[in-house]
Amino acid sequence: MKYLFAAAMLASAVVGFSEAASAAGGCGPGWYRGPYGGCRPMRGPVVVAPGPVVVAPPVVVVRPRVCPYGFRWYAGRCRPF
């Protein structure tokens with residue numbers, strides 16, 4: 001029984017992958033379905049001109065570390081002497 005089930009799964013996978021060739025809507029390679037169902041040719045490759053590269057400097061925020069009297073800044077926090 002499990003061989004029959006495996007054969008059925010294999011057959012359905014083969015049929016499922018063979019339908020991917022008709023993804024163009026039945027118009028063939030280089031054509032596609034238009035808005036009203038007719039076949040239209042695909043245009044040539046789309047070329048996009050690269051834009052200017054803009055690199056912004058990183059923003060650095062410096063906050064003074066002020067500890068109360070008798071403490072000092074050590075290991076990321078205020079610690080007593």
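User: Let's start with alanine 75. Where is alanine 75 found?
Analyst: Alanine 75 lies in the loop between strand 3 and strand 4. Helices (H or I, at least four residues) and strands (E, at least two) are DSSP runs, numbered from the N terminus.

User: Before we go on, what kind of model is this?
Analyst: This is a predicted model, where local features need pLDDT of at least 70, side-chain atom pairs count only at pLDDT 80 or more, and totals for chains, interfaces and linings use all residues. Residues are numbered from 1 along each chain as its sequence is written, and side-chain values use heavy atoms, with hydrogens and water left out.

User: Okay, back to alanine 75. Is alanine 75 buried or exposed?
Analyst: Alanine 75 is exposed, at a relative accessible area of 58%. Buried means under 20% relative accessible area, exposed means over 50%, and partly exposed is in between (1.4 Å probe, protein chains only).

User: And what is the phi of alanine 75?
Analyst: Its phi is positive, about 60 degrees, although alanine 75 is not a glycine. Most residues other than glycine have a negative phi.

User: New topic: how many disulfides are there?
Analyst: The count is two disulfides, a disulfide being a pair of cysteine sulfur atoms within 2.5 Å. One joins cysteine 27 to cysteine 39, with 2.2 Å from S to S.

User: Which parts of the chain does that pair link?
Analyst: Distant ones: cysteine 27 is in the loop between helix 1 (2–18) and strand 1 (31–33), while cysteine 39 is in strand 2 (residues 39–41), 12 residues apart. Cysteine 27 is buried at 15% relative accessibility, whereas cysteine 39 is partly exposed at 38%.

User: What about cysteine 67 and cysteine 78, how many Å apart are their sulfur atoms?
Analyst: Those sulfur atoms are 2.1 Å apart, and the two cysteines form a disulfide. This pair also links distant parts of the chain, with cysteine 67 in the loop between strand 2 and strand 3 (71–74) and cysteine 78 in strand 4 (residues 77–80), 11 residues apart.

User: Why is the disulfide of cysteine 67 and cysteine 78 left-handed?
Analyst: Because the torsion about its S-S bond is about -85 degrees. The link of cysteine 27 and cysteine 39 is left-handed too, with -80 degrees.

User: Last one: where is confidence lowest and highest in the protein chain?
Analyst: Lowest in helix 1, at a mean of 69, and highest in strand 4, at 89. That's pLDDT, the predictor's confidence in each residue, from 0 to 100. The mean pLDDT of the protein chain is 79.
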